[in-house]
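Please look through the sequence and the model below before reading on. The paragraphs after them are meant to be followed with the coordinates open.

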Amino acid sequence: MDPPVSPSTLITAGNSPCRPERVTDDLALFKIPLDECGVHRYEVGKIVIYMVEILNRVQPLSLNYGTITRDSPVRLIVECRYLPGSVVSVGYLVKSPSLGPSIKAQGVFGVQLRIAKDEHYNNFYPQYHQPLQMLLGKPLYLEVRLLNPPDPTAMLLVHYCVAYPRSAKSAWILIYDGCPNLLDQTPTYDPSAALEEALTNHVKRFTVTTFQFLSEDTNMEGDEEIYFMCSTEVCLPSEGPCVEGCFADPSDTKS
């Protein structure tokens, strides 16, 4: 595996990380309760989704004048979906991703989620910056973009985006299947018509009206940082249909 990862260094993300119950040279076996270990839970229609992030602990090397590491950071997302009341069996398969035979170019591509400073999307906050402090009810402009597309015809599909606090005790669905959360009174959606034609397939933009999570026990306003995450797919029309919801057709948006 590149970069090399030691299974013994893997933990779950969040304020209360969990370590694997069993570790060998080749695998790490976790037993993760659904309400602990930084698990995020959210519902879409009748489907319940649980998601947990797995990280590796980098090994520090301390000398007289500083501390360094030569370990590369690794982030894995594990997701489980089910219908309440159904009886299912659970299995998993670790699979090395493949770009498929139609990819001829060499290089590295990726997907980036970033925050614009205004509605024009001309300037963006740097990747590493202090947490933003904003008044509640104000617009926050988000952009998901495909970096270094492996093929000019490649399309960026946004399956869902969620917001969650550092404690991972709550989650709020912003977008699902390319469409805004219809249960939210302030839908998060920006028509792609404002994009240049060359960017339409590689960039998706939407607006979030700023909010704060409340404590489940007291309904009092908390003071936690809020994080955003999107699940995306890079699709090639030559490999099959690239189907997306409301991003592709603004007329489908409901409020």
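This is a predicted model: local features need pLDDT of at least 70, side-chain atom pairs count only at pLDDT 80 or more; totals for chains, interfaces and linings use all residues.

Residues are numbered from 1 along each chain as its sequence is written, and side-chain values use heavy atoms, with hydrogens and water left out.

The protein has zero helices and 15 strands, where helices (H or I, at least four residues) and strands (E, at least two) are DSSP runs numbered from the N terminus. Of its 255 residues, 32% count as buried; buried means under 20% relative accessible area, exposed over 50%, and partly exposed in between, with a 1.4 Å probe and protein chains only. The accessible surface of the protein comes to about 17,300 Å², and 52% of that area belongs to carbon and sulfur atoms; such areas come from the Shrake-Rupley method with a 1.4 Å probe, and for residues only the protein chains shown count as cover. Among contacts between residues at least 6 apart in sequence, 62% join residues at least 24 apart, a contact being heavy atoms within 4.5 Å.

Two open sheets can be traced in turn, on the understanding that two strands pair if DSSP finds at least two bridges between them. Seven bridges join E10 and E14 in the antiparallel sense, and Arg-145 stands opposite Val-203 in E14.

The other open sheet consists of four strands in the order E13-E12-E11-E15, again with antiparallel pairing. Here the edge strands are E13 (179–180) and E15, each pairing on one side only. E11 and E12 (residues 172–176) pair in the antiparallel sense over four bridges, and Cys-161 stands opposite Ile-175 in E12. The hairpin of E11 and E12 has six residues between the strands, and in it Ala-168 takes a positive phi near 65°. E12 and E13, which run antiparallel, are joined by two bridges, with Tyr-176 standing opposite Cys-179 in E13. The hairpin of E12 and E13 has two residues between the strands, and there Asp-177 takes a positive phi near 55°.

How many aromatic pairs does a search of the whole structure find? The search finds four, on the criterion that rings of Phe, Tyr and Trp (its six-membered ring) pair if their centres lie within 6.5 Å, with planes under 30 degrees apart counted as stacked, over 60 as edge-to-face and the rest as tilted. The rings of Tyr-121 and Tyr-141 have their centres 6.0 Å apart and their planes at 75°, so this pair is edge-to-face. The two residues are 20 apart and link distant parts of the chain, Tyr-121 lying in the loop between strand E9 (110–116) and strand E10 (139–147), and Tyr-141 in strand E10. Tyr-121 is buried at a relative accessible area of 7%, and Tyr-141 is buried at 15%. The rings of Tyr-164 and Tyr-227 have their centres 5.9 Å apart and their planes at 20°, so they form a stacked pair. Since Tyr-164 lies in strand E11 (residues 155–165) and Tyr-227 in strand E15 (residues 226–235), this pair ties together parts that are 63 residues apart in sequence. Tyr-164 is buried, with a relative accessible area of 12%, whereas Tyr-227 counts as partly exposed at 31% relative accessibility.

Ring pairs also link Tyr-121, Phe-124 and Tyr-141 into a cluster. The charged end of Arg-114 sits over the ring of Phe-124, 3.5 Å from its centre, and the charged end of Lys-117 sits over the ring of Tyr-125, 5.6 Å from its centre. A charge sits over a ring if NZ of Lys or CZ of Arg is within 6 Å of the ring centre and within 35 degrees of the ring normal.
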